[in-house]
Amino acid sequence: MGKAIFVFEVQSKGSIDSLVLNLKKAQNNAAVQAVVAVADEEQLAKIIRESRGVIDEKDLRTWDSSEVLAVYDALARAHESINKLALVPESF
């Protein structure tokens, strides 16, 4: 089995050019399965527009930052529940 490599680039404000350039560089690495842009909804729309023709659309994923936080919170709650039930030995 090989490694699954994904590259995440977070954009909060400012120029999107460097983000697109970083994702393009990552995309040129044959080991990278996909590149992921993380930002708010407005920034994601800009990233999609500005990356068109530069980054292969099938390889570019986008993830809204509010959704990232929601997933993090859900995972934290799941981790707490698992720890309360002592389902995983402490050696892990």
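Visitor: Is E42 buried or exposed?
Guide: E42 counts as exposed, at 56% relative accessibility. Here buried means under 20% relative accessible area, exposed over 50%, and partly exposed in between, using a 1.4 Å probe and protein chains only. Keep in mind that this is a predicted model, where local features need pLDDT of at least 70, side-chain atom pairs count only at pLDDT 80 or more, and totals for chains, interfaces and linings use all residues. Residues are numbered from 1 along each chain as its sequence is written, and side-chain values use heavy atoms, with hydrogens and water left out.

Visitor: Thanks! And which residue does E42 form a salt bridge with?
Guide: That would be K46, with 3.8 Å between the closest N and O atoms. The term salt bridge stands for a side-chain nitrogen of Lys or Arg within 4 Å of a carboxyl oxygen of Asp or Glu. In general, side chains of opposite charge can pair when their charged atoms come close.

Visitor: How are E42 and K46 placed in helix 2?
Guide: They sit 4 residues apart in helix 2 (residues 41-51), so about one helical turn separates them. Helices (H or I, at least four residues) and strands (E, at least two) are DSSP runs, numbered from the N terminus. K46 is partly exposed, at 27% relative accessible area.

Visitor: How many salt bridges does a search of the whole structure find?
Guide: The search finds 1.

Visitor: New topic: how many residues of strand 2 are buried?
Guide: In strand 2 (residues 32-39), 7 of the 8 residues are buried, so the strand is largely enclosed by the rest of the structure.

Visitor: What do strand 2, helix 2 and strand 3 make?
Guide: A right-handed β-α-β unit. Right-handed means that, with the strands pointing away from the viewer, the path from the first strand over the helix to the second runs clockwise. Strand 1, helix 1 (residues 17-27) and strand 2 make a right-handed β-α-β unit too.

Visitor: Last one: where is A86?
Guide: A86 lies in the segment after helix 3 (65-85). Its phi is positive, near 55°, and the residue is exposed at 60% relative accessible area.
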